[in-house]
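Reader: I have a model open and want to learn how to read it. Where do we start?

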Amino acid sequence: MRAGDQGEQHMTDPIPAWPGELTGELFVRSAPAPVGAEPALFVHGLGGSSLNWTDLMAQLQPSLACEALDLPGFGFSPLPAARNYSITAHAAAVIALIEKRGRWPVHLIGNSLGGAICTRVAGRRTDLVRTLTLISPALPDLQPRLLPMRVILLCIPGLGPTLMRSIQRLPAADRSWRTIKDVYADPGLMHELRRSAEAAELARRDELGYASEVLLGSVRGLVAEYLRHGPGSLWRDAARVTAPALIIHGSHDRLVNPATAGRAARAFRNGKVVVLPRIGHVAMMERPEAVAAEMRAMLARTWPAPVTGRLR
């Protein structure tokens, strides 16, 4: 199963999606890389897919062997057999893919929900992660904000499915544009071809019959983590991370409060926190060159050390 093609393109057009295939239970897109390039794995956020990483992967290749996955039930990945959408279940799927590939430690990168998942992976399987990059990670923050409260409403039994049905009555293009305006500080930065592709992907998923289940289940899984305390919490996982960590926030993020950068700076023992100005929730899409520059600076500090483990 393959999707996307890196064909010829007009210089003003965005690059097309990287090709991908089903690997075990997950659909994975890969960018070409030379033999010996260190592996990097990208994990998208709530309602996203591997397509969210197209431009950042282009910025980082061929220095890294970049792969982006679709979480279970998202993108082109099939539903998980257990219908479990918890952070721990998603993390287990990421770990299974890394182990299946047989090349670790990896440079692990996550956005939003994917940032929470990557934090769990890096905190509980320190052997698998060479560096950790989190972009607007959805780590627990109980300070109420309007946009996240709208998402939390989806968790209310009875109300959540009703709200989803109401939202889905809107044309896919309208829903997609609303999301873009929520996650970009400057929605005008998204190319028209990308806007059309996002709307087409949303329309495709509308036909699958399970998109709402996956979204609602993942929202509930994330909210459950926000309410979790003690040794099993995401912030405790953050404190267990031993890999160098780069935490990037956007100053104009309306979903994840950039003020949580302060707590992240204290939680990750080997972390650097950056707040990028005039950027929203998806910095890797809105300003991929800025994210890549921060990542390259971290990698420059990391690469002099020899790699250990099963990387080959």
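Reader: At what angle do H2 and helix H3 pack?

Author: This is a predicted model. In it, H2 (residues 87–101) and H3 (residues 113–124) pack at an angle of about 70°. Their axes are 9 Å apart.

Reader: Are H2 and H3 roughly parallel or roughly perpendicular?

Author: Angles from 65 to 115 degrees count as roughly perpendicular. H2 and H3 are therefore roughly perpendicular to each other. The crossing of H2 past H3 is right-handed.

Reader: Which residues in H2 and H3 meet?

Author: From H2, Ile 87, Thr 88, His 90, Ala 91, Val 94 and Ile 95. They meet Leu 113, Ala 116, Ile 117, Arg 120, Val 121 and Arg 124 of H3.

Reader: How do I read the nonpolar core?

Author: In soluble globular proteins, nonpolar side chains tend to be buried together. Here the largest nonpolar core has 44 residues. Leu 69, Val 94, Leu 108, Leu 132 and Phe 268 touch the most other members. Helix H2 gives the largest share, seven residues. A second, separate core has 32 residues, including Trp 18, Cys 66, Val 274 and Met 284.

Reader: What is Leu 108 in contact with, beyond four places in sequence?

Author: Its partners there include Leu 41, Val 43, Val 94, Cys 118, Val 121 and Leu 132.

Reader: Where is pLDDT below 50?

Author: Where pLDDT is low, the predicted coordinates should not be read in detail. The chain averages 88, and 85% of the residues score at least 70. Over residues 1–11, pLDDT is below 50. Residues 305–312 also stay under 50.

Notes:
Residues are numbered from 1 along each chain as its sequence is written. This is a predicted model: local features need pLDDT of at least 70, side-chain atom pairs count only at pLDDT 80 or more; totals for chains, interfaces and linings use all residues. Side-chain values use heavy atoms; hydrogens and water are left out. pLDDT is the predictor's confidence in each residue, from 0 to 100. Contact means heavy atoms within 4.5 Å. A nonpolar core is a set of buried Ala, Val, Leu, Ile, Met, Phe, Trp, Tyr and Cys residues joined through side-chain atoms within 4.5 Å. Buried means under 20% relative accessible area, exposed over 50%, partly exposed in between (1.4 Å probe, protein chains only). Helices (H or I, at least four residues) and strands (E, at least two) are DSSP runs, numbered from the N terminus. Axes are lines fitted to C-alpha atoms, for helices over the stretch in contact, and angles run from 0 to 180 degrees between N-to-C directions. Angles under 35 degrees count as roughly parallel, over 145 as roughly antiparallel, 65 to 115 as roughly perpendicular and the rest as oblique. A crossing is left-handed if the near helix is turned anticlockwise from the far one by less than a right angle, and right-handed if clockwise.
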